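Please look over the sequence and the model shown here before reading the report that follows. The text begins with one local feature and then widens to the whole chain.

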Amino acid sequence: MLIEQITVTAFQQHTRVVACEETRQAICIDPGDDSEAIVEHIDGLHLSLQAIAITHAHLDHVGGVAALKKLKPEAKVTIHPADEFIYKALPDQPAWIGIPRAQWPALGFNFEEPPKVDEYWTDGQHYTVGKLEFQILHCPGHTPGHVVLFAQKSEKSLLEMFCLRVRSVGLICQEVQRSSCWSRFTTNCCRLAMTLKCIQGTDPLRQLVRSDSRIHS
Ligand SMILES: [Zn+2]
């Protein structure tokens with residue numbers, strides 16, 4: 001598995017190009033911005049981009065989708081349906097987090113309407129990129145439609161992404177907790193945490209419990 005990391009936006013979000021070294025098939029996970037730099041990585045490595053794979057639809061993860069889709073129109077925009085309303089609201093998202101409109105141009109937050117979704121993730125789906133295999137796990141918490149691309153043969157960078165999500169999962173969990181998503185969140189996140197515990201000194205299960213107790217406090 002080939003993993004290229006490009007750090008984008010004022011939020012320092014890590015966009016990743018993940019590719020099968022054998023077939024050169026690739027996906028771009030969460031292009032928040034800097035699509036030209038992402039394409040430089042893709043073309044420089046002679047990769048074929050099959051999808052723009054969105055883990056969740058916050059602006060730092062989808063702000064670059066429109067530009068990347070124009071440069072790589074064959075790549076399928078893929079998202080969980082529960083996050084589509086957030087995705088479609090991209091131009092308004094800076095206001096959601098209280099950023100004054102006058103600051104949007106300087107921050108690169110003057111977003112255009114995002115392109116239509118081509119495909120949807122489903123929980124438990126097996127997803128292939130060349131000879132790489134991932135299981136798609138719907139882990140609502142940070143957003144209603146957040147997903148994890150889980151490689152059974154565990155690659156460190158993907159596991160790190162999961163740990164980060166677990167750490168930040170308290171942000172809108174009260175919404176999710178009230179919804180039918182909660183059982184899915186606890187089932188999939190606990191399963192991942194038990195599988196992946198103690199990565200780089202971080203125990204995802206402990207992080208999960210800590211987030212959970214914050215929700216209940
Ligand atoms: Zn987010």
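In this predicted model, strands E1 and E2 make a hairpin with four residues between them, and within the turn Thr9 carries a positive phi of about 70°. The pairing of E1, which covers residues 2–8, with E2, which covers residues 13–19, is antiparallel and runs over seven bridges. One of the residue pairs that can be located in the display is that of Val8, whose bridge partner in E2 is Gln13.

Strand E1 also contains Ile6, a residue that counts as buried because it has 20 C-beta neighbours inside 10 Å, and 20 is the number at which a residue is classed as buried. Leaving aside residues up to four places away in sequence, Ile6 touches Thr15, Asp34, Ala37, Ile38 and His41. For Asp34, which lies 28 residues from Ile6 along the chain, the separation of the two C-alpha atoms is 8.5 Å.

A second residue with a list of contacts is Ala53, which touches Ile27, Cys28, Ile29, Thr78 and Leu149 when residues up to four places away in sequence are not counted. Ala53 also belongs to the largest nonpolar core, a set of 43 residues in which Val17, Ala26, Ile27, Cys28, Ile52 and Ala53 touch the most other members. This core draws at least three residues from each of domain 1 (1–120) and domain 2 (122–217). As a general background, nonpolar side chains in soluble globular proteins tend to be buried together.

Turning to the whole protein, there are 10 helices and nine strands, and of the 217 residues 41% count as buried. Among contacts between residues at least 6 apart in sequence, 64% join residues that are at least 24 apart.

Confidence in the prediction should be kept in view when these features are read. The average pLDDT of the protein is 79, and 70% of the residues score at least 70.

Key:
Residues numbered from 1 in each chain as written. Predicted model: local features only at pLDDT ≥ 70, side-chain atom pairs only at ≥ 80, totals over all residues. pLDDT = per-residue confidence, 0-100. Core = buried A, V, L, I, M, F, W, Y, C linked by C-beta atoms within 7 Å. Buried ≥ 20, exposed ≤ 12 C-beta atoms within 10 Å, placed from the backbone. Domains from an automatic or database assignment. Contact = placed C-beta atoms within 7 Å. Pairing = 2+ DSSP bridges. Helix = DSSP H or I, 4+ residues; strand = E, 2+ residues; numbered from the N terminus.
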